[in-house]
Amino acid sequence: MKKLNIKAKNKIEEQRYRIDKIYYSEWILAAAVGFLVFISSQYIDLRSLTVWSTNVWDCLFSGNIRNLYMYSYQNVHNAAHQYLGSELMSILPLSIWNIPIWISQTFFHHEISESAIMLGWSKSFFVALSVVMVIISKKLAYIVTQDHDKSMIAAFLSGSSVFLYISVCFAGQNDIVMIVPSLIAIYYLFNNDEKKFLIWSALTISIKPFFLLPFVAILILYEKNILFIIAKAAIGVSGVFVQKLLFMGAPLYAESMENGPSKRMFNNMFPGNIPTAFGYISLFAVALVLIYLLSYTRPFSKKTIAEEPQKFAKYAVYLVTLTYMSYVMFSPFSYYRIAVIVPFLYIVIVQNSKMYFYNLIFDVVFSFSLVTKIMLRSSNIFKVDFVNGSILARTFGYDVKAAQSGFLEGVDSYLYATNELINHLQSMFTGLTVICLGLLLFFNRPDKDSEFKVSGEKNCRGLLWAHALIIAPFILLTIWLFANAPVKEFYIR
């Protein structure tokens, strides 16, 4: 009898392990990892974004919002960058969230750029938007899969993605401010509300224009009339033109746009990757042409979309994923910008239940390899410098001069100093990234239900946990380097 009870208990435990369900404990794990990253980093871009967002209120209450770019250039409140090189909408949502800390700075003279708590408040806006993203991604995944458990898994994979942790909790970047309204726009389109789709798309593009490229792919998939596509694309970019009209001729606006990071990013979006007799080819440009051709040749009309909304939704999500992934693969990008694939990639992953197990393997290998490669190429990530000024550093009571820390400067320099072979593994991690990404996109095409004959539908919870924990060893090693740095500057109490 005892043996039977043990067998029954083991069977129940195995069923709990294999079932398509996300437990509260797993959400707690994801939140704990995010919290660790949140408190242990203070990236320089967050300081600039926060100062710029409060500059909006300084200019507004001084009587002229058009002075925003000149006032930001004067750098009264010690931003990390000189030029505000993006449009107003890129910081306006954060401005509203940051009214409390603007009041603290303006009326009580607490400098935001010197306060870990106030910068933490600013970063928490992006965390709050991440929660909204998880909720909407679950709704989108349900439209695509018609399965509550699979849609919850897509939400969990999105919320615990290493790329989201890096963008939001580590770097405090505002890409999530673009991602959330883009999801809302797509949600309205899937619910046959084209007007709200266009309005939310225009809002998204006015925040950051990156969504314009997948937006055009969706338009072509949805609307086969070329003139209508052009007209609706014009509606999509209308918000950008409104902002440019608002600041046309404003002091230092043109100079800020010229010298800010936005122009550099768009200048580098179509690099020459391959030489030909005609000149260098941009693989991203080639990919876009093929993606738009794929969109146009899919046999959808208003009638067929109404008859097969789930099929249309699968194609739309896949095309957004394909567009963003092409950008990541073929164009230079800041390490935190890969968050644009979240949650689209994870909705694609869960829609093919016959490849679920392998999709999780490909995802974990792809995510770990890409983050490792980004770190090894000496990007501004997992550096001791970016623990300085964080909530954790304030708790420890000191900052660290990374320039005097030798091989303890960051995870990359530490690994290079302790193992000479690490540098030779960069191409291996690049190869793993590309092949796993290619396999994810190939086997999850919406027009073909691909499968492997062995264990494709198996649910291995260990892969979900590995997905959520990818960033943990990098962050813990960064904290260890910070704690063991030879030169420390203690705060004056």
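**Pocket and packing**

Analyst: The largest pocket holds about 1,000 Å³ of space, where a pocket, on a 1 Å grid over the protein atoms alone, is an open set of points where a 1.4 Å probe fits, with protein on both sides within 12 Å along at least five of seven lines, and a volume is the space filled by probe spheres set on the points, which are joined across faces, edges and corners. This is a predicted model, in which local features need pLDDT of at least 70 and side-chain atom pairs count only at pLDDT 80 or more, while totals for chains, interfaces and linings use all residues. Residues are numbered from 1 along each chain as its sequence is written, and side-chain values use heavy atoms, with hydrogens and water left out.

User: Which element gives the most residues to the lining of the largest pocket?

Analyst: Lining residues have an atom within 4 Å of a point, and 43 residues line the largest pocket, with G85, P261, S262, K263 and M265 nearest its centre. The elements that give two or more residues are α3 (44-62), α11 (194-207), α14 (238-247), α15 (253-259) and α16 (261-267), helices being DSSP runs of H or I with at least four residues, numbered from the N terminus. With six residues, the element that gives the most is α16.

User: How are α11 and α14 oriented to each other?

Analyst: Their axes, lines fitted to C-alpha atoms over the stretch in contact, with angles from 0 to 180 degrees between N-to-C directions, lie 7 Å apart at an angle of about 50°. The contact (heavy atoms within 4.5 Å) joins A202, I205 and S206 of α11 to S238, G239, V240 and Q243 of α14. Angles under 35 degrees count as roughly parallel, over 145 as roughly antiparallel, 65 to 115 as roughly perpendicular and the rest as oblique, and α11 and α14 are therefore oblique.

User: Which residues of α19 meet I143, V144 and T145 in α7?

Analyst: Helix α7 (residues 116-145) packs against α19 at an angle of about 125°, with the axes 7 Å apart, and the two helices are therefore oblique to each other. The residues of α19 in question are Q310, A313, K314 and V317.

User: What kind of aromatic pair do F190 and F312 form?

Analyst: F190 in helix α10 (residues 175-190) and F312 in helix α19 (residues 309-330) are 122 residues apart. Rings of Phe, Tyr and Trp (its six-membered ring) pair if their centres lie within 6.5 Å, and planes under 30 degrees apart count as stacked, over 60 as edge-to-face and the rest as tilted. Here the centres are 6.2 Å apart and the planes at 80°, so the pair is edge-to-face.
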